[in-house]
Every structure is written in structure tokens, then in C-alpha cells.
Amino acid sequence: MASRTVAKDIITLRGSAAIVSEFFGYAANSILYNRGVYPEESFVKVKKYGLPMLLTEDEGVKTFLANLTAQLSEWLEAGKLQRVVLVIMSKATSEVLERWNFSIETDCEVVEKGVSREKSDKEIMREIQAIMRQIASSITYLPCLDEPCIFDVLAYTDKDVAVPFTWVESDPKLIANPQMVKLHSFDTKIHKVDTLVSYKNDEWDEQ
Amino acid sequence: MAETEIEKITTIDPETEFLASKIRNGNEWETFKENVRPLKRGRNVNLLNHALNSHTDNELKKSLMEQRRKLIEAIEEYQGDDPLLPWIQCIKWVQEAFPPGGDSSGLVVIYEQCVRAFWHSELYKDDLRYLKVWLEYADNCFDADVIYAFLDANGIGKTHSIFYISYALHLESKNKFKAANQMMELGISRNAQPVDKLKAAYRQFFARSMARPIAIDDAVEKLAPTRSFGTVLAKGENRAPLSILNSNRDPCAKNDRTRAAPLSIYKDSADTGDTDPHKPDLSHSWHTLGARADRNKENNAIPGKWKSYKIPQRPGTRTGGATASAFIPVFVDEECQDSQSKKAEGCKSSNLKIRQEDDKELKRETELLRKNPLRNFPQNSLPR
């Protein structure tokens, strides 16, 4: 009697944390490129998620994002991360112009009991691909950033998390009366990531 | 218990609340992204999606046109003490409701009618909203020089830093760096507000100026030598001396870039039986080839960075090329022309032509305004 082996797409907590933290690294690079926070010549094209993606070659930003994704991965594995926000601010005035909000829901059962879940890599990649496409298309409604900008990353964690020494407590850096747009979400069956961008709705009588 | 629950809800930030709600934005903005012209101030996504749906839904398209008609009527009927307000509302709505922009939106015509309605009004000379309408109008015209000159001459927006920044950027884009610098300095000396923004823009302009290899300005540009393209070779593969090539030209013409002199072609005189002055003298053949360093002397120059150097180009100095404003005159039957001109005259009587005009008329008027933004202004108002 013939037998066959069926490979299941098993996702562990560590694997899911790696997927989500890597996604955030690529999403951050894509945002910094598409919103012109850094000059386009400082980015290099790579293929990821079946799409041409752009990664920064600026050493400072590379180091910052590498440390960030490593820390996020650690928090995700512990089930302590609730939200990551990439904030774009005016360099001159530090006024918050845009907030890219990645909200994370973690399956508590997986964290507590160490069980795994099933979902194909292909399906997860398709969902991430849709978000990346939306990030690139967002220039259709986002305001033009016609001044030099800087970015910062806020992590919303559980209260009992010890603050690493490279991080500082921060105010939420919210935008007053923002315009908000929900983007697609993706789900590894362990971590569900909802994406939202909020931006300053400029008025005619504002300088 | 209930109180703390309410307190909890009120402290939730708007983003969390929005994510928790089941509100969906719709993704038309993504599907039709090629048809959306980005707006400086950003867009309202719900309005954008509604407008993009009208591409496929005729009923929605009709409702958009109806809404535009109502907004234009509201301008005529306005009785309040801020007559600019309904214009601003109309402009903002048209920008949102016609995402591709383009001539059929009638936006350029609305800009023009708005700025023309208040250019002499003391009430709006320093109104930032009014200045922004002018600046957006300038952005939509082929050459904004005339608009900036008009604003300057009439003292419109001179207390706002955005005027000086926009004017300077416009001048910089036309390689008038000295004038751009003077404009920035003028704004700072007039203490245009917010002065911090102006100073920051000036610093950026200064940094860009420093990054430029050579300060190219009008005066310098005129003296720049003409570049001769291609290598002119004699029959014996020797380069003809430049003095011979240029001997039939006006000596001044060499430096005058604006004079479109044809390229002189070297004529070989070998056919006529004359001896060729450029043929190598074979009686003195080389006895030694020289050292390697002598032979490779062309390769000694250290390569420079090409990327950072920009060749100064002046618009409109090329010969033979079609200019942006050049267009093919379309033949119009005389009978049709008469009826068209009557129709246009009828529309002119109304202050707000946009309501009566069909798409063709609107596009025609838009095209004319793009070429000559102040065509409907009284002659005595224009800067000399």
C-alpha cells in the first residue's frame, strides 16, 4: 500500500515572532523610502515577499532597525508587545506629522502552553504583500512632506516589562484630530497585526 | 464601576478606538491609485473613495456635478462677512471630488475666478487662505513668473513666509539663484511669518547652493562657452584646428549661447586637388615610440564625479525642437466658429462661467489660463 508524507505548515511562537519582527523591519524601510524621510539614493532594491523592496544603506538607520527588530522579536516571544508605532516628525519643530500604527494581538494560549498553530507561509506572505503594496500606494492620500523629517519608533508593551537601557519612556506623540486609514492586516495564527496610518489634516489657514 | 469604565473609554486614543471600531475605509484608493493626483495637504480617504467610485457609477457622477453646481451657487448667494469662505469650500471640495485633477474638474477656472474676485480687496491682501489659492493657481500654470510678479507688485501675501519660499523655489527651479537668494533675504528682512520656517528654508537653499559645483547665474550663463558636440575629423583622421572651424563665424558668436548658429562642418579640400594642410607629414616618421608614461599620458587625469555636476540649461534656447507651448492650430469651420464665439460671449456675462460651460469649453478656458494666467485681469492691474 502506497504511503505519502504530508508536510504541515506548523508555526511556533518563535517562528511567528521572527515573521512579525522581520515584517516590521521591511515595513519601516518601505515607509522611510516612500515618505522621503531619507534620500532615495540611500536605498538599495531587494526582492522580498515576492515584491521589489527597498532597504536603507545608511549605517545609522540599519543599526537602529536591526537593534529594534531584535528587541521586538524578544517581546513578541514573551507575548508582551501590544503595539509598535513609527512616528514621522518635522525635524525643525518636532511636530508629529504621521503615525504608522502596527497593533498586535497575541494568542495567549500559545505563549502560556507552548502549543503551535497551522498556517501556510504562502498565505502569510500574500497578506504581508498586500500591506506592502498599500504602504507604497498611500502617497495618493497622504500629505506631501515638504520639509526635512525625522522618525522615531514607539513600542507599547505590558506594564511589567523592564525598559531596556537603550529605550526611554515616551509620551504617545499623538496627532490632534487626525485623518485615519485602516490598511490590511496579517495573521500568523499566533500574532495578528492590524495596520493603520494617521496623518495631520492640513488646513488652509495653517502656516 | 460604570464610571471607571467610561473613564477607560475616554482615555483610549483615537487610533485604538478606530481600530476597534468596525469602520472600513474601502480600498478604491488603492485600485485607482494611478488616477489620483496627490494633494499637498493630503486627502480625506472616504471622499476620495466616493469620488473614485464615480468612475464606474453614472449616478454618482451626476451627484458630483450637482454638488459642484450647488457650491458655485452658494458663492453667488453668500451674504456673510467672509466672502472668500465659500470659494475655499468650493476649491477644497473640487480638489477632493475630482482626484485626477485635469481640465474637466474646472479647478484652474475656479482658482482664476477666485483670485480675480478679491485681488483689489484690502481685506484679503494678508489673508493666508487667499495667498494659498494664488500659489495653487501658480502651480497649475505653465509659467508662474507673471503670477509672482503680480503678487509682489500688489503687495499680496507679503507678510507670509510661504510667499517668499514659494517664489524663491520657483526662481531656483529656473536657475535664477541670485534672485532666489534675494527673495529669501527680502522675506527675512520683512519679518514674514513664521520667520523660523523661512529661515529653515533659507538654510536648506544655502546648503543646496553650496552643493552646486559652480554658481550658475544669468550673468555667468551668458558668458559660458558654446559646447561643440561631436568630433570633427579630417580625412587623414587628424583633428582640424578650432581656429579653422570657426574662421567663418562671428568672433562674438562663440560665447553667445542664445544665438542659434548652425554647426560649421569642416570641408576637406583634397577633392579640389589642393594639398591637404592636415595630412601628416610622412617625411618625419617616428624613430622612437617614447616611454610608456609618454604614451599613456591621456590616462593620467583623475576621474571626477559626474553625478554632482549639472549642465546649465536654459529653457527655450534649443533650435528646431518643439516648445511646450507650441500647438497645432485646428481648422474650425467658419459657421461653427461664429456659434462658438457667441456662446463664449454669452458665458462671459456671468461671473461664474463654470456652471454653464460644458467640458470642451472648460478645457479650452483652462488651457488659455495655463498659458496666460492673468488674461482676464484689467490691463492697468498688471505689473509693468
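## A tour of chains A and B

Start by selecting K189(A), in the loop between β8 and β9 (191–199) of chain A. Strands here are DSSP runs of E with at least two residues, helices are runs of H or I with at least four, and both are numbered from the N terminus. Phi of K189(A) is near 80 degrees, a positive value in a residue that is not glycine. Most residues other than glycine have a negative phi. K189(A) is partly exposed, because its relative accessible area is 42%. The cut-offs, with a 1.4 Å probe and protein chains only, are: buried under 20%, exposed over 50%, partly exposed in between.

Before you move on, some ground rules. The model is predicted, so local features need pLDDT of at least 70 and side-chain atom pairs count only at pLDDT 80 or more, while totals for chains, interfaces and linings use all residues. Residues are numbered from 1 along each chain as its sequence is written, chains are lettered from A and ligands numbered from 1 in the order in which they are written, and side-chain values use heavy atoms, with hydrogens and water left out.

**Next, K173(A).** Look in the loop between β7 (149–157) and β8 (179–187) of chain A. Phi is positive at K173(A) too, near 50 degrees. Is K173(A) buried or exposed? K173(A) counts as buried, because its relative accessible area is 17%.

**Zoom out to chain A.** Count 4 helices and 9 strands. Follow chain A along the sequence and the order is β-α-β-β-α-β-β-α-β-α-β-β-β. Of its 207 residues, 44% count as buried. Chain A exposes about 10500 Å², and carbon and sulfur atoms supply 50% of that. Such areas come from the Shrake-Rupley method with a 1.4 Å probe; for residues, only the protein chains shown count as cover. Now take the contacts in chain A with a separation of 6 or more: 71% of them join residues 24 or more positions apart. Contact means heavy atoms within 4.5 Å.

**Cross to chain B.** Show the contact between the chains: 37 residues come from chain A and 39 from chain B. How much area do chain B and chain A bury between them? About 3300 Å², 57% of it on carbon and sulfur atoms. Buried area is the accessible area (1.4 Å probe) that two parts lose on being put together, summed over both. Across the interface of chain B and chain A, 2 residue pairs are in polar contact, both at pLDDT 80 or more. A polar contact is a pair of N or O atoms within 3.5 Å; within protein, one must be able to donate a hydrogen and the other to accept it, and residues adjacent in sequence count only if both atoms are side-chain atoms. On chain B, the elements giving two or more residues to the side that touches chain A include α6 (84–97), α8 (128–139) and α12 (195–211).

**Select D127(B).** Find D127(B) in the loop between α7 (107–118) and α8 of chain B. D127(B) counts as buried, because its relative accessibility is 16%. Leaving out residues up to four places away in sequence, D127(B) touches L84(B) and H160(B).

**Then G187(B).** This residue sits in helix α11 of chain B. G187(B) is buried, with a relative accessible area of 0%. Beyond four places in sequence, G187(B) touches Y164(B), A192(B) and L198(B).

**Last stop, P194(B).** Look in the loop between α11 (177–189) and α12 of chain B. A cis peptide bond joins Q193(B) to P194(B), with omega about -10 degrees.
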